[in-house]
Amino acid sequence: MYLEALGSALFGLVLAWAAVHRLPDRLPGRGPVLVTGVLGGVFGAFVTHGALGPGHPFATLVGAVAVAAVVLSLLVRPRAARRLRRSATV
């Protein structure tokens with residue numbers, strides 16, 4: 001279980017690092033994104049391990065990566081150049 005938690009934290013950190021380097025203008029600061037990725041990975045491993053039980057390390061890591069990706073996607077902001085259009089009737 002400890003290796004699953006460590007692996008999921010590492011996968012979450014790698015996923016967050018990739019997001020920071022891919023979308024620097026659409027994410028908040030680097031620190032909160034990295035912490036969110038790690039915590040999302042650990043939480044995903046906890047939930048997946050609780051649902052599947054012991055003996056499924058690969059599935060636990062896949063669940064951890066999925067939850068980390070979902071949590072990181074919640075931090076993405078719209079592009080700055082894109083503005084909302086107002087209705088012609090207003």
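Predicted model: local features only at pLDDT ≥ 70, side-chain atom pairs only at ≥ 80, totals over all residues.

User: At what angle do the axes of helix α1 and helix α2 cross?
Analyst: Two packed helices are described by the angle between their axes and the distance between the axes. Here α1 covers residues 2-22 and α2 covers residues 30-52, and their axes come within 7 Å. The crossing is right-handed. The angle is roughly 145°.

User: Which residues of α2 make the contact with α1, and how many residues of the contact are nonpolar?
Analyst: On the α1 side the contact uses Glu4, Ala5, Ser8, Ala9, Gly12, Leu13, Ala16, Trp17, Val20 and His21. On the α2 side it uses Arg30, Val33, Leu34, Gly37, Val38, Gly41, Val42, Ala45 and His49. Sorted by type, two of the residues are charged, six are polar, and the nonpolar ones number eleven.

User: How do α1 and α3 compare, and at what angle do their axes cross?
Analyst: The axes of α1 and α3 come within 9 Å, and this crossing is right-handed. Glu4, Gly7, Ser8, Phe11, Gly12, Leu15 and Ala16 of α1 meet Pro57, Thr60, Leu61, Ala64, Val65, Ala68, Ala69 and Leu72 of α3. Those residues divide into ten nonpolar, four polar and one charged. As for the angle, it is roughly 35°.

User: Against which helices do the buried residues of α1 pack?
Analyst: An α-helix has 3.6 residues a turn, so residues three or four places apart point the same way. In α1 the buried residues are Glu4, Gly7, Ser8, Ala9, Gly12, Ala16, Ala19 and Val20. They pack against α2 and α3.

User: Is serine 8 buried or exposed?
Analyst: Serine 8 sits in helix α1. Beyond residues up to four places away in sequence, serine 8 touches Gly41, Val42, Ala45, Leu61 and Ala64. Because its relative accessibility is 0%, serine 8 counts as buried.

User: What is the relative accessible area of phenylalanine 11?
Analyst: Phenylalanine 11 is also a residue of α1. Setting aside neighbours within four places in sequence, phenylalanine 11 contacts Leu61 and Val65. Its C-alpha atom is 21 Å from that of arginine 26, 15 residues away along the chain. Phenylalanine 11 is classed as partly exposed because its relative accessible area is 43%.

User: Which residues does valine 20 contact, leaving aside its neighbours within four places in sequence?
Analyst: Valine 20 belongs to helix α1, and at 12% relative accessibility it counts as buried. Glycine 31, eleven residues away in sequence, has its C-alpha atom 9.6 Å from that of valine 20. The contacts of valine 20 are Leu27, Arg30 and Val33.

User: How far apart are the end C-alpha atoms of α2?
Analyst: Helix α2 has 23 residues, and at 1.5 Å a residue it should span 33 Å. The model agrees with that expectation, so the end C-alpha atoms of α2 are apart by 33 Å.

User: What covers the buried residues of α2?
Analyst: The buried residues of α2 are Val33, Thr36, Gly37, Gly40, Gly41, Gly44, Ala45, Thr48 and His49. Their cover includes α1 and α3 (57-73).

User: Which backbone oxygen does the side chain of threonine 48 reach?
Analyst: Threonine 48 is in helix α2, and it is buried because its relative accessible area is 14%. Leaving out neighbours within four places in sequence, threonine 48 is in contact with Gly53, Ala59, Thr60, Gly63 and Ala64. The side chain of threonine 48 also reaches, at 2.7 Å, the backbone oxygen of glycine 44.

User: How far apart are the C-alpha atoms of proline 32 and alanine 16?
Analyst: Proline 32 lies in helix α2, and with a relative accessible area of 48% it is partly exposed. Proline 32 and alanine 16 are 16 residues apart along the chain. Their C-alpha atoms are separated by 9.6 Å.

User: One last thing: which residue follows α2?
Analyst: The residue there has a positive phi, near 90°. It is glycine 53.

Terms used: Residues numbered from 1 in each chain as written. Heavy atoms only, no water. Axes fitted to C-alpha atoms, helices over the stretch in contact; angles between N-to-C directions. Helix = DSSP H or I, 4+ residues; strand = E, 2+ residues; numbered from the N terminus. Left-handed = near helix turned anticlockwise from the far one by under 90°. Contact = heavy atoms within 4.5 Å. Nonpolar A, V, L, I, M, F, W, Y, C, P; charged D, E, K, R; others polar. Buried < 20%, exposed > 50% of the residue type's maximum accessible area, 1.4 Å probe, protein only. Polar contact = N/O pair within 3.5 Å; in protein donor to acceptor, adjacent residues only side chain to side chain. Expected span 1.5 Å × (residues − 1).
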